Amino acid sequence: MRLNRILLSAVLVVVALVVQVSVLARLQLPGAVPDLLLLVVLGLAFVYGHVSGALIGFGAGLLADLAPPADHAAGRYALVLCIIGYLAGLVRPENGQLKSAFVPMVAVVAAAIGSTLLYALVGALVGDTAARHVGLGSLLFTAAVYDLLLAPFVVPLIMAIARRTVNDPLADSTGGGDVAAGWLASGTGLRIGSQRGGLRVKAARSRAARAGRIKGVKRL
């Protein structure tokens, strides 16, 4: 990973962890806690790919394992987010664009459910029974609902910020900077980047037509 990507990822992960621990964890919602850290890893993996997604996921998970008030074995969540970041990066298209909201929304639900199951599985393997009293079914349902509700406000923003550190001429020429707009406008039939280009072409043609008519009048 490049230095600018590492610095940006570190800042986003730290901010997400602070918000999750100091705000979201204290809301006392039933079931699971909204996993802002997971959504940040997903957004970065969608832009940077599976290798960077795995590295970012491992670092974010390890930081969450060590940050208070963590009550589980160190490395447990690091392994979970490493796997989630790798798999999320595989969904990333070649040009780093997600033209539809369907794929990332499905990925968010799958990541919320998968991370909860993996966390429980790793806990069972290492003998960590700290969360055994909480029903797994309730955790799966609430984790998917909370993360899905939070995702439209977090993932597009993270992707838009991460896109600024990617030097991709193909993405720039095809409007790759409007990742967030593509997420929010999907399902409405709007293609913001293509509309802008179409308006520019139409304006140029109308100016050329007017110039031709004016020249014709002057010749007469």
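## Fold and overall composition

The protein chain contains nine helices and zero strands, so that its elements, read from the N terminus on, follow the order α-α-α-α-α-α-α-α-α. The model is a predicted one, and the values reported below are computed from it.

Of the 220 residues of the protein chain, 39% count as buried, and the chain exposes about 12,400 Å², of which carbon and sulfur atoms supply 67%. Among the contacts in the protein chain with a separation of 6 or more, 74% are accounted for by residues 24 or more positions apart.

## Confidence along the chain

The mean pLDDT of the protein chain is 75, and 65% of its residues reach 70 or more. Among the elements of the chain, α2 has the highest mean pLDDT, at 92, whereas helix α7, spanning residues 169-173, has the lowest, at 40. Over residues 168-196 the pLDDT is below 50, although this stretch still has 35 contacts in the model beyond near neighbours in sequence. Where pLDDT is low, the predicted coordinates should not be read in detail.

## The largest nonpolar core

The largest nonpolar core holds 37 residues, and the members that touch the most others are Leu37, Val40, Leu42, Leu44 and Tyr48. Two or more residues come from each of α1 (3-22), α2 (36-48), α3 (50-66), α4 (76-90), α5 (102-126) and α6 (136-163). Helix α2 gives the most to this core, with twelve residues, and α2 is also the element with the highest mean pLDDT.

How many aromatic pairs does a search of the whole structure find? The search returns one, formed by Tyr77 and Tyr119 in an edge-to-face arrangement, with 6.1 Å centre to centre and 80 degrees between the planes. Because Tyr77 lies in helix α4 and Tyr119 in helix α5, the pair ties together parts that are 42 residues apart in sequence.

The two partners fall into separate accessibility classes: Tyr77 is buried, with a relative accessible area of 10%, while Tyr119 is partly exposed, with a relative accessible area of 22%; the assignment follows because the cut-off for buried is under 20% relative accessible area.

Technical notes: Residues numbered from 1 in each chain as written. Predicted model: local features only at pLDDT ≥ 70, side-chain atom pairs only at ≥ 80, totals over all residues. Heavy atoms only, no water. Core = buried A, V, L, I, M, F, W, Y, C linked by side-chain atoms within 4.5 Å. Buried < 20%, exposed > 50% of the residue type's maximum accessible area, 1.4 Å probe, protein only. Helix = DSSP H or I, 4+ residues; strand = E, 2+ residues; numbered from the N terminus. Phe/Tyr/Trp six-rings, centres within 6.5 Å; stacked < 30°, edge-to-face > 60°. Contact = heavy atoms within 4.5 Å. Areas by Shrake-Rupley, 256 points an atom, 1.4 Å probe, with all protein chains shown as cover. pLDDT = per-residue confidence, 0-100.
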